[in-house]
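This briefing goes through one protein model, topic by topic. Please keep the sequence and the 3D view open while reading.

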Amino acid sequence: MGTMDEKCGSQSDPPYTHDEARKRTLDSNNHSDAGTRIAQIGLAANMTMAIGKLIGGYILHSQALVADAYHGFMDSVLDALTLVTITWSLWPASRRFPNGYGKIENIGAFVVSGLLLLGGILTCLESSKVLLSEIRARQDWQTHGTQASGTNLNAAWLAAGSIFVKEWLYRATNKVAIEQGSSVLASHAIHHRIDSLTSFVALIAIGGGRLFRDIFWIDAAGGLLISLMVIHAGWSNLLNSFLELADITIDSDVTSSISEAAANRVRSMTGSDIVKIRTVHGIKSGRNYLIDLELAVPGAWPVSRTYQIEGIVRGAIGTVTSNVKQVKVRFVPLQDNELGSQAS
């Protein structure tokens, strides 16, 4: 037992104390600025594009751009909701909310995903109605083509620019969402991707209306296809957000990584497998993990030794992921047969 004390107090200790390890695992706001910043960029981009499309649509006589502009204003509302959600979720823990406000982000993701799903369903119904109307009224195609011929092809530049901006926003937002494990940013990233596809359909409608008289069914068919993609993405994110709100356990690969890292660090510090990691459980609170571990140690160990082991374990968890908000460690005594096997 004395050997273990020497190892835990030697130069081979991790480069942080127990309290430092605790602070490292509880402070998981390393990427908070990135999440807030990408939400602010998305809000500014959507407002700018919406205003530009609205003005350009009226000047260039493009109904597709006008409709896309109003859609952009709705996107700005979702951007504002995402920004408020992320900012709120990063507030420090309080007496009433000892685990922090991470669940606010899950609620925001649930609302954003729900609105995304609702918008997909409404778009699907509208696109289906328009597509059936086009199929049943072939004689009206010529009329539609004449009306569309008044659209200025310069409107296509605005639609093409929107595709570029929205695709960049999707990639940037998705990158931050993956880094932070943020469900609300993941939902918002998918929304940016859907918007880029919607602008692509608008681009086809603008160009097709000028080049081909019988191209209008592509607009409705493209809208129907995109709406089905929106429904799939919205439902998937809505379900994930609901499960996180219901405190579903975290992925097994995360718990396995935590268990392996903790076992390796303790083994290297103690020089044996005398500390057993029995269970590792956890839930997500927004982008953060709340981890519970059960460790088996010799029952004769004093509190000071278990305190050292707890610091080692916390430090090991901090090397696996920075998104750990809380770590609870429970110590139980090793069984006699386990102690005997260690002694042999």
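Is Ala 263 buried, exposed or partly exposed? Ala 263 counts as partly exposed, because its relative accessibility is 23% and the partly exposed class lies between the 20% limit for buried and the 50% limit for exposed. The model is predicted, and every value below is computed from it.

**Overall make-up**
- The protein has twelve helices and three strands.
- It contains 344 residues, and 46% of them count as buried.
- Among contacts between residues at least 6 apart in sequence, 79% join residues at least 24 apart.

**Ala 263 and helix 11**
- Ala 263 belongs to helix 10, which covers residues 252–270.
- Ile 312 lies 49 residues from Ala 263 along the chain, and the C-alpha atoms of the two are 9.8 Å apart.
- Ile 312 is one of the buried residues of helix 11.
- Others buried in helix 11 include Arg 305, Glu 310 and Arg 314, along with Ile 309, Val 313 and Ile 317.
- The glycines Gly 311, Gly 315 and Gly 318 are also among the buried residues of this helix.
- Helix 11 takes in residues 303–320, 18 residues in total. From first C-alpha to last it reaches 26 Å, close to the 26 Å expected at 1.5 Å a residue.

- Strand 1 (residues 276–285) and strand 2 run antiparallel and are joined by nine bridges.
- Why does strand 2 count as largely enclosed by the rest of the structure? Nine of the ten residues of strand 2 (residues 288–297) are buried, so the strand is largely enclosed.
- As background, side chains in a regular strand alternate between the two faces of the sheet.

- Glu 167 sits in helix 7, which runs over residues 155–180.
- Glu 167 is buried because its relative accessible area is 19%, and the cut-off for buried is under 20%.
- Apart from residues up to four places away in sequence, Glu 167 touches Arg 193 and Ser 196.
- The second largest pocket holds about 250 Å³ of space.
- Its lining is made of 13 residues, of which Gly 181, Ser 182, Ser 183, Ala 186 and Glu 244 are the closest to the centre.
- Helix 7, helix 8 (183–211) and helix 9 (216–245) each give two or more residues to the lining of this pocket.
- By residue type, the lining of the second largest pocket has four nonpolar, seven polar and two charged residues.

**Leu 224 in helix 9**
- Leu 224 is placed in helix 9.
- Which residues are in contact with Leu 224, leaving aside neighbours within four places in sequence? They are Cys 124, Ser 127, Ser 128 and Leu 131.
- Leu 224 and Ser 128 are 96 residues apart along the chain, yet their C-alpha atoms are separated by 6.4 Å.

Conventions. Residues are numbered from 1 along each chain as its sequence is written. This is a predicted model: local features need pLDDT of at least 70, side-chain atom pairs count only at pLDDT 80 or more; totals for chains, interfaces and linings use all residues. Side-chain values use heavy atoms; hydrogens and water are left out. Helices (H or I, at least four residues) and strands (E, at least two) are DSSP runs, numbered from the N terminus. Buried means under 20% relative accessible area, exposed over 50%, partly exposed in between (1.4 Å probe, protein chains only). Contact means heavy atoms within 4.5 Å. The expected span of a helix is 1.5 Å times one less than its number of residues. On a 1 Å grid over the protein atoms alone, a cavity is a set of points where a 1.4 Å probe fits but cannot get out, and a pocket is an open set with protein on both sides within 12 Å along at least five of seven lines; lining residues have an atom within 4 Å of a point. Grid points are joined across faces, edges and corners, and a volume is the space filled by probe spheres set on the points. Ala, Val, Leu, Ile, Met, Phe, Trp, Tyr, Cys and Pro count as nonpolar, Asp, Glu, Lys and Arg as charged, and the others, Gly among them, as polar. Two strands pair if DSSP finds at least two bridges between them.
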